[in-house]
Amino acid sequence: VATPEVTRDRRMLFAKNSDREPGEAQAVEIVAARTEAVTRCTAIDVPAPSRTRRVLLCRPYWMWGAEMGVNDAGVAIGNEAVFTRAPHADAGLTGMDLVRLGLERATSAPAAVRVIGELLETHGQGGNAGHRASFRYHNSFLIADGSEAWVLETAARAWVAKQVHGVRAISNGLTLRDDWDLSSEGLRARARDYGLRPGRDRLDFSGTFGDPLITAAAAAARRRSCTERFLDRSRGRISALTAISALRQHGSPDRPRRALSGLFQTVCAHAGPLPTRAHGQTTGSLVAELNGADSACFVTATAAPCLSLFKPVKVGGELPEIGAPTGRYDPRALWWRHERLHRLALVDLDAALGLIAAERDDFERSFGRTHAPEAFAQADELEARWEAALRARFRRARLSRYWRRLDEASGLDAFLAD
């Protein structure tokens with residue numbers, strides 16, 4: 001997030017990559033306001049409000065909850081997995097459930113902090129959030145509206161929150177020490193209930209609850225620092241295009257080839273066979289310039305932001321027909337059509353980016369002159385042309401065994417073999 005005092009147009013900027021498993025398609029949708037007696041989340045039900053808000057969501061295709069989104073009041077929320085020493089419940093609200101619940105119920109960032117905190121304390125967080133295999137974690141949240149931004153960090157039913165100013169990023173680790181502004185009830189007692197030692201001074205949240213070994217393995221501090229340093233260099237000039245560039249980084253300095261090897265994922269994450277990379281594919285991206293009901297949103301609706309086009313969307317408008325992706329290859333779904341381009345580019349990412357980057361950037365500089373249907377149609381034409389060029393260039397190349405197995409599982413292998 002970049003708050004108004006450091007942005008070019010004095011607007012709040014929110015940006016998020018969704019790092020999930022490769023092949024876990026991400027749906028982008030606008031959900032209208034509704035009334036209901038009970039809200040049926042991914043694994044449990046919770047009492048519903050009198051009426052929900054209209055929301056733009058980016059979510060794993062099989063989940064009710066969302067990785068990130070924006071509502072019609074101009075509130076944006078995104079979550080990250082964090083690793084703590086608090087117990088993991090067998091059932092409860094997933095972090096993505098809490099993102100969507102906050103968006104559907106809050107009119108401001110502070111209200112969203114309260115909504116998520118109260119739901120967390122009442123219902124707890126838990127359950128399996130993995131796609132193919134079990135993956136259990138707790139969550140941190142970045143929450144913003146047109147004037148305020150907050151970081152909310154959790155461990156089981158305990159939570160703390162801090163208002164932030166300037167540039168702030170979150171990754172896969174707790175960051176708030178004893179500098180939080182708000183907290184759950186009985187924070188110290190919760191720590192003791194979880195078998196932890198809260199100390200006698202003001203509670204150090206990350207020091208008390210964090211799991212330093214898993215957090216280090218996730219390279220949380222390195223990726224968070226990469227994003228914050230990148231944005232800090234443009235203080236006073238940060239725009240939506242700056243935020244998009246931040247989401248496309250493969251380290252600092254940017255080295256695309258490095259993203260395909262080694263132990264750690266980068267900000268623009270590309271998956272690999274190592275355990276630290278199994279949940280390291282960026283499957284969708286969102287940037288929002290927050291201004292109440294007039295907020296401007298830009299989504300990829302595709303994986304790999306370095307190879308994707310950000311398209312403009314309004315929460316109060318409608319999305320063009322982009323298909324509803326599932327876990328199987330479907331050429332009617334934008335997400336899966338882009339995976340054909342993604343797979344070809346993985347043969348030589350540096351060469352692929354050299355081919356498409358200029359046209360990609362020109363397309364995004366025209367944001368103010370295009371509307372959603374036109375932009376999505378133009379993006380389809382560009383990606384089809386890039387795919388044909390890469391297919392001609394890499395026609396004899398083969399992907400690694402890791403990606404070939406994934407393509408067989410999804411049904412994408414038959415298309416790529418043509």
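**Cores, a strand and a helix**

Mentor: The largest nonpolar core has 44 residues, and Leu56, Phe205, Phe209 and Leu286 have the most contacts inside it. A nonpolar core here is a set of buried Ala, Val, Leu, Ile, Met, Phe, Trp, Tyr and Cys residues joined through side-chain atoms within 4.5 Å. Keep in mind that this is a predicted model, where local features need pLDDT of at least 70, side-chain atom pairs count only at pLDDT 80 or more, and totals for chains, interfaces and linings use all residues. Residues are numbered from 1 along each chain as its sequence is written, and side-chain values use heavy atoms, with hydrogens and water left out.

Trainee: How many residues does the second, separate core have?

Mentor: In soluble globular proteins, nonpolar side chains tend to be buried together. The second core is separate and includes Ile44, Val75, Val99 and Leu101. Its residue count is 31.

Trainee: Is strand S8 largely enclosed or open?

Mentor: Buried means under 20% relative accessible area, exposed over 50%, and partly exposed in between (1.4 Å probe, protein chains only). Strands (E, at least two residues) and helices (H or I, at least four) are DSSP runs, numbered from the N terminus. His138, Ser140, Leu142 and Ala144 point one way from S8, while Asn139, Phe141 and Ile143 point the other way, and all are buried. With 7 of its 7 residues buried, S8 (residues 138–144) is therefore largely enclosed.

Trainee: Which residue is the bridge partner of Ala81 in S8?

Mentor: Two strands pair if DSSP finds at least two bridges between them. Strand S7 (residues 76–82) pairs with S8 in the antiparallel sense over 7 bridges. Within S8, the partner of Ala81 is Asn139.

Trainee: What arc do the buried residues of helix H11 cover around the axis?

Mentor: Those buried in H11 (residues 401–410) are Tyr402, Trp403, Leu406, Asp407 and Ser410. They sit on the same side of H11 because their arc, taken from the directions from the helix axis to the C-beta atoms, is only 130°.

Trainee: Which residues does Ser410 touch, not counting those up to four places away in sequence?

Mentor: Ser410 is found in H11 and is buried, with a relative accessible area of 3%. Counting heavy atoms within 4.5 Å as contact, Ser410 touches Gly327, Arg328, Tyr329 and Trp336.
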